[in-house]
Amino acid sequence: MKPMLELVDVYRTYQIGESTVQALRGVSVTIERGEFVAIMGASGSGKSSLLQILGLLDNPDKGDSLIFGKNVNTLSEDDQAGVRNNVAGFVFQQFHLLKRMSILENVRLPHIYSGLKGDFHQEAIERLRQVGLEERVDHTPNQLSGGEQQRVAIARALIRDPLIIFADEPTGNLDSKNSAEIMKIFKALHEQGKTVIMVTHENDIAAYAGRVITMKDGLIISDERKAGFKPSEASSGEAGFELHDSKVSLWQDGRFSGFMAQAFQSILANKMRSFLSVLGILVGVASVIAMMALGEGAKAAMQEQLKSMGSNMLSIRGGSAKIRGAAQGAGAVARFTAVDVTDISSLHTLVKNAAGVVNGSARIVYGNKNWSSTLTGVGFDYGTMRAAIPVLGRWFTPEEMQKREKSAIIGVTVVKELFGNSNPLGKTIKINRINFKVIGIAPPKGFSGPQDEDDVVIIPVTTAMYRVLGKDYFSGIFVEVASPTLIEQAKTAVSQQIRKRHRLKADDDSFNIRDMTEIQKMLTSTTQTMSLLLGSIAAISLLVGGIGIMNIMLVSVTERTREIGLRKAIGARKKDIMMQFLVESVGLTISGGFIGVLAGVGISLLLSLFAGWAVKTSLISVLLATTFSAVIGMFFGLWPARKAAELKPLEALRYE
């Protein structure tokens, strides 16, 4: 039968500063199953190095380390971690209990890395009962004495039912009474069939063992077995020596859920630091939500304003086109009449509606109040084309148009100036000294540049031309195109129709046609640019928050170096450590992102309520900000996670 553990001509050298220390110099030793071995020697003799290589916490520079005849020295770091999780249980002089966890959670910690599903609550309670602490399962390590903490460490070492217990100075920090109690536990474990390998410098502790190996200057100088002390009976075979498959997916076993619980436990253990860590993400996400809500609100307000301009609209005016007030030609002004409107309306495949308008100024009087406003004479179809149907009252009838009735629709600014809070419908006003009856209030449209679109009086075009302004031609014609895709064709057809009707040359610029969709595109482009700019500025704060998360995670890795060493000692592999820190980083950023979403929505509502700004919170902005915060947590948490994963278990455990 092959020996359980075997070292063959093992060397181990450490570099400490500029000094080279030869911890082991050609050591060979064999340990059978069921033995109770004590390794003794003065400080610096190499006894701890021997234990660490036997327990796969360290690898020799030269020589072979075998378990049941298999050379584990050639295994990868992750595979060695799997062996430690399945075969070995470790008890350390410093206990290495995680202070933020209860002792029950400390005991079942090795099971997170076993790949087995379940909470193992009962198994942990049973192990605590085995060491006499079943009544204190909810206590934290800080609530226990040194002896009780060491018993918790022993229970943790037993949770995976290992073949071998490795104990490094298990009584070094205990008084004589607690030391005796701990050694009674080790003796009982040995009698149950466990192989116990213990490092100690005390003869009375070594007396519990059946075999004492003494070391000096990196060499074994004596290896004595006590007379009459027999190895405990252990089950035959090599059961328990199984390599945990490092390629198994985290999602297929119970590890990821364990990492989630551990990560949030760590976050909640340092509430203030965690809050300060996520503050940057919180502000960034809230800014993104609020800025995008402002952008969307501005876009929605712009769209409402564009609706008032009419959709698929062409505006035809007499005279040459102007750019920034400068005339682009010097042709004569074309005079449009009802015949032009009829001709344009006859283009049925391209044109949906056409209406002539006349513009002028008006002096309006009601009672002892008067007001100067813009007068617009419109055709019957103008109301639907330009979204001008009154919110209160009615639109003109065809009969009113034909009879040149003195009916008026006034804007909300005129209502405010002349009527205040009273109802103007049915009242008589004077427009340029002519009595008109108010039949409606035009829908509010706000400002278009410096012009108040609500400071207007609308009357039938026939009334305006022949009774008020004395014109026999239109100021312009509005044309509603049948479809947005036909706008260019309609512009060409309308232009040809007007030139034919007025016998104009191809290069004659006595009229111009403006495409309203160009204005819409320009305004839409402007609002999109503003939204993008606001979102980009807010995203910068997210990046700053991500850098803050990275700094905190780096500090956390440094603070928890010993904890990382412990986790690796009990079976955590590189990707386990990396995933755990990544989950913690992403958990921080998502938490900050969630609070940021609430804050962003709240800020948007406050801006709308108190500042009167148009805001519109979209689901896309919420999802975008939350997803971006998670990506930032993963990106900026990657480096600290990798740094943690690369730590060697022995170096991490020794970190001061």
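Contact here means heavy atoms within 4.5 Å of each other. With that cut-off, and leaving aside its neighbours within four places in sequence, Q265 is in contact with R100, M101 and E105. Q265 belongs to helix α8, which covers residues 255-269. The C-alpha atoms of Q265 and E584 are 9.3 Å apart in space, although 319 residues separate Q265 and E584 in sequence. The structure discussed in this report is a predicted model.

**The chain as a whole**

The protein chain contains 20 helices and 24 strands, and of its 656 residues 51% count as buried. Among contacts between residues at least 6 apart in sequence, 78% join residues that are at least 24 apart.

**The six-stranded sheet**

A further open sheet has six strands in the order β6-β7-β8-β3-β9-β10, and here the pairing is mixed. Its edge strands are β6 (88-92) and β10 (219-225), each with a single partner strand, which means that one side of each is left without a neighbour in the sheet. Neighbouring strands of this sheet are turned against each other by 15 degrees on average, direction ignored. Helix α1 packs on this sheet as well, touching β3, β7 (164-168), β8 (195-199) and β9, and its direction makes about 150 degrees with that of β7.

Both senses of pairing can be followed at β9. Strand β3 (residues 36-41) pairs with strand β9 (residues 211-216) in the parallel sense over five bridges; here V37 has R211 of β9 as its bridge partner, while I39 stands opposite I213 in β9. Strands β9 and β10, by contrast, pair in the antiparallel sense over six bridges, and V212 stands opposite E224 in β10. The hairpin formed by β9 and β10 has two residues between the strands, and in this hairpin D217 takes a positive phi near 55 degrees.

**Helix packing around α5**

Helix α5 (residues 146-158) packs with helix α4 (residues 121-130) and also with helix α6 (residues 176-191). The geometry of the two pairs is set out below.

| Helix pair | Angle between axes | Axis separation | Crossing |
|---|---|---|---|
| α4 and α5 | about 130 degrees | 9 Å | right-handed |
| α5 and α6 | about 15 degrees | 9 Å | right-handed |

How are α4 and α5 oriented to each other, roughly parallel or oblique? Angles under 35 degrees count as roughly parallel and those over 145 as roughly antiparallel, with 65 to 115 as roughly perpendicular and the rest as oblique. The angle between α4 and α5 is about 130 degrees, and α4 and α5 are therefore oblique to each other. Their contact is made by R127, L128 and Q130 of α4 together with V152, A155 and L158 of α5. By class, this contact of α4 with α5 has four nonpolar, one polar and one charged residues.

For α5 and α6 the angle is about 15 degrees, and these two helices are therefore roughly parallel to each other. On the α5 side the residues involved are G147, Q150, R151, I154 and L158, and these meet N178, E181, I182, I185, F186 and L189 in α6. By class, the contact of α5 with α6 has six nonpolar, three polar and two charged residues. L158 of α5 takes part in the contact with α4 and also in the contact with α6.

**Helix α13 and its end**

An α-helix has 3.6 residues a turn, so residues three or four places apart point the same way. Just after α13, G420 takes a positive phi of about 65 degrees.

Note on methods. Residues numbered from 1 in each chain as written. Predicted model: local features only at pLDDT ≥ 70, side-chain atom pairs only at ≥ 80, totals over all residues. Heavy atoms only, no water. Axes fitted to C-alpha atoms, helices over the stretch in contact; angles between N-to-C directions. Helix = DSSP H or I, 4+ residues; strand = E, 2+ residues; numbered from the N terminus. Left-handed = near helix turned anticlockwise from the far one by under 90°. Nonpolar A, V, L, I, M, F, W, Y, C, P; charged D, E, K, R; others polar. Buried < 20%, exposed > 50% of the residue type's maximum accessible area, 1.4 Å probe, protein only. Pairing = 2+ DSSP bridges.
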